[in-house]
Amino acid sequence: LFLLCGNTHVFRVEVVKKILDMNLDKRYNIHVGIDTGLNSEVYAMKPLLYWEQYVSLIAKSRIGVAVRGWGRDTIRRWEIPAYNTLMIECDCGLVTPNPFEDGKTSVKFKEDLSDIEEKIIYYLEHDDERKRIAKNGHEHLLEYHTNEKRAKYFLEIVEKELSIR
């Protein structure tokens, strides 16, 4: 399980506490990698990861958790599916063109965290379904969310707006 986030929003602290309380490392004999970075109230500070370590951790994780920050978005929403890892993200009203779909290209948990444990455990126990959604998420990312695709989308919107005037 991969979760890397700065302590930039109280919601992130709540998610980290909830996941640590699940004791997944003991229950499933897996490594729960959580690093909340500097000034964390939840987890001891760890050295910042080198890029190669960072992407290696995402790629070898079965599940990556994307948690909103102050800006409501996080680059983990693009990085996790890029490495064919299942993304579990908060269903907290992010407005994204061509969004990831719950159960098809990502898995969404409720903002009150009432279902996050159930969903994490489900996908730890159902490898085929986890791999299918992760693969779909990766394909969705390549179809809609590469730099080139997002730039093209932006230019189409600008062109449309300018033609209206």
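Predicted model: local features only at pLDDT ≥ 70, side-chain atom pairs only at ≥ 80, totals over all residues.
Biologist: Thanks! In what order do the elements of the protein run from the N terminus on?
Modeller: Helices (H or I, at least four residues) and strands (E, at least two) are DSSP runs, numbered from the N terminus. The protein comes to seven helices and five strands. Their order is β-α-α-β-α-β-α-β-β-α-α-α.

Biologist: What share of the protein's 165 residues count as buried?
Modeller: Buried means under 20% relative accessible area, exposed over 50%, and partly exposed in between (1.4 Å probe, protein chains only). For the 165 residues of the protein, the buried share is 41%.

Biologist: And what part of the accessible surface belongs to carbon and sulfur atoms?
Modeller: Accessible areas come from the Shrake-Rupley method with a 1.4 Å probe; for residues, only the protein chains shown count as cover. The surface totals about 9700 Å², and the part that belongs to carbon and sulfur atoms is 53%.

Biologist: Let's zoom in. Is glutamate 89 buried or exposed?
Modeller: Glutamate 89 sits in strand 4, which spans residues 86–91. Its relative accessibility is 1%, so glutamate 89 counts as buried.

Biologist: Which side chains make polar contacts with the side chain of glutamate 89?
Modeller: A polar contact is a pair of N or O atoms within 3.5 Å; within protein, one must be able to donate a hydrogen and the other to accept it, and residues adjacent in sequence count only if both atoms are side-chain atoms. Another, of 2.8 Å, comes from the side chain of arginine 77.

Biologist: Beyond its neighbours within four places in sequence, which residues is glutamate 89 in contact with?
Modeller: Contact means heavy atoms within 4.5 Å. With those neighbours set aside, the list for glutamate 89 is Ala66, Arg77, Phe100, Ser106, Val107, Lys108 and Phe109.

Biologist: Is lysine 108 buried or exposed?
Modeller: Lysine 108 belongs to strand 5. Not counting residues up to four places away in sequence, lysine 108 touches Glu89, Asp91, Phe100, Asp102, Asp115 and Lys119. Its relative accessibility is 15%, so lysine 108 counts as buried.

Biologist: How does lysine 110 compare: what is its relative accessible area?
Modeller: Lysine 110 is also placed in strand 5, and it touches Cys90 and Asp115, not counting residues up to four places away in sequence. Lysine 110 is partly exposed, because its relative accessible area is 47%.

Biologist: Over to helix 3: why do its buried residues lie on the same side?
Modeller: In helix 3 (residues 51–60), the buried residues are Tyr54, Val55 and Ile58. They share a side of helix 3 because the arc they cover around the axis, taken from the directions from the helix axis to the C-beta atoms, is only 90°.

Biologist: Which elements do the buried residues of helix 3 pack against?
Modeller: The face turned away from the buried side carries the exposed residues Glu52 and Lys60. The buried residues of helix 3 pack against strand 1 (2–4) and helix 4 (76–82).

Biologist: What is the phi of asparagine 84?
Modeller: Asparagine 84 is found in the loop between helix 4 and strand 4. With 43% relative accessibility, asparagine 84 counts as partly exposed. Although it is not a glycine, asparagine 84 has a positive phi of about 60°.

Biologist: And is leucine 113 buried or exposed?
Modeller: Leucine 113 lies in the loop between strand 5 (107–110) and helix 5 (116–125). Leucine 113 has a positive phi of about 65° although it is not a glycine. At 8% relative accessibility, leucine 113 counts as buried.

Biologist: Last one: is leucine 162 buried or exposed?
Modeller: Leucine 162 lies in helix 7 (residues 147–164). With a relative accessibility of 57%, leucine 162 counts as exposed.

Methods. Residues numbered from 1 in each chain as written. Heavy atoms only, no water.
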